[in-house]
Amino acid sequence: MRDQQSVLIGHPGAAHFIYELVAAVEGLGFNSRFETGFYYDPQGFWGKLLAVVPDSYRGKIERELKRRSFQGIDPARVLTHAFPELAYVAAARLANHRPAVPKAVMAWRNGCIDEAIANRIRREKPRLFIGHDTSAL
């Protein structure tokens with residue numbers, strides 16, 4: 001019965017608590033989808049790309065990417081919007097001395113992902129949507 005109840009969970013970033021929530025909803029047997037900025041699937045595109053990175057760089061990159069994954073989440077149920085999230089991460093790291101820049105890029109990223117999720121809700125009409133502050137307007 002739960003597998004017929006659709007749940008959409010949306011969060012633009014990589015807050016660890018959201019991964020735990022998604023895994024718990026999946027673990028309870030709901031037909032869930034997770035829409036986010038970036039999610040690392042070792043078997044997916046980013047994992048395949050990582051395989052061709054020289055060993056001297058691979059470990060550090062892989063550690064960073066693994067922060068964006070979580071055991072218990074089926075990567076096939078994750079929908080991503082990598083460009084806005086990667087733009088935000090770049091701004092946060094490269095322009096951290098100018099806090100207004102990452103803040104503005106974060107607002108833009110949240111708006112992009114919010115719009116994508118709103119469109120998905122209109123199309124798919126999930127039974128339940130779980131969204132988070134600043135990105136579920």
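**Reading the fold**

Analyst: Start with a β-α-β unit: S1, helix H1 (residues 16-27) and S2 form one, and it is right-handed. A crossover is right-handed if, with the strands pointing away from the viewer, the path from the first strand over the helix to the second runs clockwise. Helices (H or I, at least four residues) and strands (E, at least two) are DSSP runs, numbered from the N terminus.

User: What should I know about the model before going on?

Analyst: This is a predicted model: local features need pLDDT of at least 70, side-chain atom pairs count only at pLDDT 80 or more, and totals for chains, interfaces and linings use all residues. Residues are numbered from 1 along each chain as its sequence is written, and side-chain values use heavy atoms, with hydrogens and water left out.

User: How many helices and strands does the protein have, and in which order do the elements run?

Analyst: There are five helices and four strands. From the N terminus on, the order is β-α-β-α-α-β-α-α-β. The radius of gyration is 16 Å, close to the 14 Å that the globule rule gives for 137 residues, so the protein is as compact as a globular protein of that length. That radius is taken over C-alpha atoms; the globule rule is 2.2 Å times the number of residues to the power 0.38. Along its principal axes, the C-alpha trace spans about 50 × 35 × 25 Å.

User: Which strands pair, and in what sense?

Analyst: Two strands pair if DSSP finds at least two bridges between them. S1 (residues 6-11) and S2 (residues 31-36) pair in the parallel sense over six bridges. Within that pairing, Val-7 stands opposite Ser-32, and Leu-8 has Arg-33 as its bridge partner. S2 also pairs with S3 (residues 78-80), parallel, over three bridges; there Phe-34 has Val-78 as its partner. S1 pairs with S4 (residues 128-130), again parallel over three bridges, and Ile-9 stands opposite Ile-130.

User: How do side chains sit along a strand, and is S1 enclosed or open?

Analyst: In a regular strand the side chains alternate between the two faces of the sheet. Here, five of the six residues of S1 are buried, so S1 is largely enclosed by the rest of the structure. Buried means under 20% relative accessible area, exposed over 50%, partly exposed in between (1.4 Å probe, protein chains only). Across the protein, 34% of the 137 residues count as buried.

User: Take His-11 in S1. What does His-11 touch?

Analyst: Contact means heavy atoms within 4.5 Å. Not counting residues up to four places away in sequence, His-11 touches Phe-17, Ile-18, Phe-34, Glu-35, Thr-36, Gly-37, Ile-117 and His-132. His-11 counts as buried, at 12% relative accessibility. A polar atom of its side chain lies 3.1 Å from the backbone nitrogen of Gly-13.

User: Where is Ala-91, and what lies around it?

Analyst: Ala-91 lies in helix H4 (residues 82-94). It is buried, with a relative accessible area of 10%. Beyond neighbours within four places in sequence, Ala-91 is in contact with Asn-96, Val-101, Pro-102 and Val-105.

User: Which polar contact does the side chain of Asn-110 make?

Analyst: A polar contact is a pair of N or O atoms within 3.5 Å; within protein, one must be able to donate a hydrogen and the other to accept it, and residues adjacent in sequence count only if both atoms are side-chain atoms. The side chain of Asn-110 makes one with the side chain of Arg-109, at 2.8 Å. Asn-110 sits in helix H5 (residues 100-124) and is buried, with a relative accessible area of 4%. Its contacts, leaving aside neighbours within four places in sequence, are Pro-12, Thr-134 and Ser-135.
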